[in-house]
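Please look at the structure below before reading on. This report walks through its helices, its domains and its contacts.

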Amino acid sequence: MKKVIVLLLGCLLLTGCTSKQEKQIVNVLNWSSYIPDEVIKDFEKESGIKVNYGTYSSNEELLAKLSSSKKGTYDVVFPSDYMVELMIGKNMLEELDTGRLTNYANIDKVFLRQSYDKNNDYSLPFLLATSVIAYNSEKVPEITDYKDLLNPAYKNDIVLLDDERITIGAFLQALRYDINDYNDEHLEEAYRFYNQMRDNIKAFDSDSPKSFLITNETNIGILWNAEAILAQDHNPKIKIVYPKSGYALSMDNYVIVKGASHTDNAYKFIDYLLRDEVCQKIIDDYPYISTNKNTSNYSEEELRKILNNGSYIKNVSENIKKFDRLWAKMK
Amino acid sequence: MNKRFNIEKYLFTVPVVIYSLLLILLPLLYVLLISFFKSDSYGGMIYTFTLSNYMEIFNITYIRIFLKSIGIALITTAICLCIAYPFAISLMSKKETTRNLLIKLVMVPFLMNSLIRTYGWIVLLRKNGIINSALVGTGIISSPLSLMYNNIGIIIGMVYTLLPFMILPVYSAVSKVDPNLIEASYDLGASKTKTFTKIYLPLTISGAFNGSLMVFIPAIGYFFITDILGGGKIMIIGNLIKNQFLTARNWPFGAAISIFLILMTLILVSIYKKLGGKMDDLGGM
């Protein structure tokens, strides 16, 4: 009996010891619906590191969460292009040591050295989203650019993203201006372009514009590439076009937050996501453009073209108010 | 004895006071405070005093949004009144058990999140939705009606969501009307319309105004209805405020519009008080 008790006490002591050891965790903040739960669970099972996973739905929300929390609260976050630039400027990011990432070579080189972080000192590309035009080829003749959407035959037949920068940006691009142009006259022209399209617009929706195409509510939409591909899965007649006069690019990136308290685990987590099979799982569920060269559905030439003809949305500082006022005027 | 009573009184009121201070008054003061700040371009604030956010409201673009919101809210209120009165009056002729059951049914929708209910309307109203398929299928109309992604959709959504807030106060006012008065009115040869305008309406006007407030004020701010059923094409004050906080990264301006909206509400409530309404009846707000 005594032996049993000693044994039990020993066990207790041992378990006490292990729990005293530093618990392996990594604190991750990511876009909502971007990584399937399964991927997180698999990582936890394999590495024994617990992932505290939080989500945000805009870059600004991420910025607010980081600036209002104690240093070391978050380890890995996924800001988009312009937010990476801003965070570098505010000295919020840790320099990355790519030597610690065994799967670094999986990243397709075309995605590196983007304008917002020229040497990838702080960020590595994760997924690329682009805005595209999608249309039901059964109901609508070929569309190649925004100006095709002005055709009066498409009355109430278009859904646009409910996003002032992307949608006004598309109008600007249609007029051959830069997506980040905030010249008053150019914005006024964009407004006139919108007025020509007005009767054709059925709705602005950012939550699920694909359902407009899937349910035949509209035959045309300007939406994110992943949404368009999901719509296409439902209806193969839906065609996806990269507009001739340009479109928005939005690259989300892996970064490690300055002062992160679990840097080792952060590298492990990023390294895991860089694996081919993990990346495949992610883009199966959320079909954005993968930056992993072994899981890409595009040739290098195609990717180069997509990157060259699209434009990143940039922070226009105070001038955001111009976009916002125009947006209010449009509605 | 008296002292103990006091302790009990504090025991029960203090939590409520703390709750109101912490969760209502403080945030409200914070909103008031930041409405006088400048915004920086990253969604932050520059802590210098300015009135420019309030001046900005009087930009023609925003005035148009205010007028549009008020228009939508007024139409919603009018339709709710037109439904609530006949409903409340017809309830009076029912047995008490049926009456209670029907009133409870009015409240049943509150058991479910209003966002989900609004999404439910999409299934009914869209181009290939249940209503249009039924009408086209039976040959009543030849091409589908545009029931949503326009003003009609917004009004349907608003009326549907806010109707209970009208029915309850109107019903409570109507149920207090002495049935003898109605009987007397009919005995003296008054028509149904005349009975309504001469007896029901004057006796229940504060209930009607109470209900109108409870419908009108939220109708200005329910941005999710214009987003979902209006297809995001129409902006009301609620959307404008939401945009300032979520996309335009201009919290001070959003705060200024909110304060402006609160002032508008206070004016309406003071009119209500002038008309003899009781503040207690507005408790549901």
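## Two crossing helices in chain B

In chain B, α3(B) and α9(B) are oblique to each other. Angles under 35 degrees count as roughly parallel, over 145 as roughly antiparallel, 65 to 115 as roughly perpendicular and the rest as oblique. Helix α3 of chain B covers residues 60–92, and helix α9 of chain B covers residues 192–221. Their axes come within 9 Å and cross at roughly 140°. Axes are lines fitted to C-alpha atoms, for helices over the stretch in contact, and angles run from 0 to 180 degrees between N-to-C directions. Helices (H or I, at least four residues) and strands (E, at least two) are DSSP runs, numbered from the N terminus.

The crossing of α3(B) and α9(B) is right-handed. A crossing is left-handed if the near helix is turned anticlockwise from the far one by less than a right angle, and right-handed if clockwise. Among the residues that make this contact are B:S69, B:I70 and B:C80 of α3(B), and B:G211, B:V215 and B:F216 of α9(B). Two residues are in contact if their C-beta atoms, placed from the backbone, lie within 7 Å. By class, the contact of α3(B) with α9(B) has 13 nonpolar, five polar and no charged residues. Here Ala, Val, Leu, Ile, Met, Phe, Trp, Tyr, Cys and Pro count as nonpolar, Asp, Glu, Lys and Arg as charged, and the others, Gly among them, as polar.

## How to read the model

This is a predicted model: local features need pLDDT of at least 70, side-chain atom pairs count only at pLDDT 80 or more, and totals for chains, interfaces and linings use all residues. Residues are numbered from 1 along each chain as its sequence is written, while chains are lettered from A and ligands numbered from 1 in the order in which they are written.

## Chain A as a whole

Chain A has 12 helices and 11 strands. Its C-alpha atoms fill a box of roughly 90 × 40 × 35 Å, taken along the principal axes. Of the 331 residues in chain A, 42% are buried. A residue is buried if 20 or more other C-beta atoms lie within 10 Å of its own, exposed if 12 or fewer, and partly exposed in between; C-beta atoms are placed from the backbone. Take the contacts in chain A with a separation of 6 or more: 79% of them join residues 24 or more positions apart.

## Two domains in chain A

Nine residues of domain 1 of chain A are in contact with 10 residues of domain 2 of chain A. On the domain 1 side, helix α4 (residues 81–89) of chain A gives the most, with three residues. That side divides into seven nonpolar, one polar and one charged residue.

## Where chain A meets chain B

The contact between the chains takes 25 residues from chain A and 22 residues from chain B. On the chain A side, α3 (59–68), β6 (201–204) and α12 (320–330) give two or more residues. The largest share, six residues, comes from α12(A). By class, the chain A side has eight nonpolar, five polar and 12 charged residues.

Helix α12(A) also has a partner within chain A. The axes of helix α6 (residues 184–197) of chain A and α12(A) come within 11 Å and cross at roughly 25°. That makes the two helices roughly parallel. Their crossing is right-handed. A:L187, A:Y191 and A:Y194 in α6(A) meet A:K322, A:L326, A:K329 and A:M330 in α12(A). This contact holds five nonpolar, no polar and two charged residues.

A:S317 sits in the loop between β11 (310–312) and α12 of chain A. A:S317 is not a glycine, yet has a positive phi of about 45°. Is A:S317 buried or exposed? A:S317 is exposed, with 11 other C-beta atoms within 10 Å. B:Y149 is not a glycine either, and has a positive phi of about 60°. B:Y149 lies in the loop between α6 (130–137) and α7 (151–174) of chain B. B:Y149 is buried, with 29 other C-beta atoms within 10 Å.

A:N59 is in helix α3 of chain A. A:N59 is buried, with 25 other C-beta atoms within 10 Å. Not counting residues up to four places away in sequence, A:N59 touches A:P79, A:S80 and A:M83.
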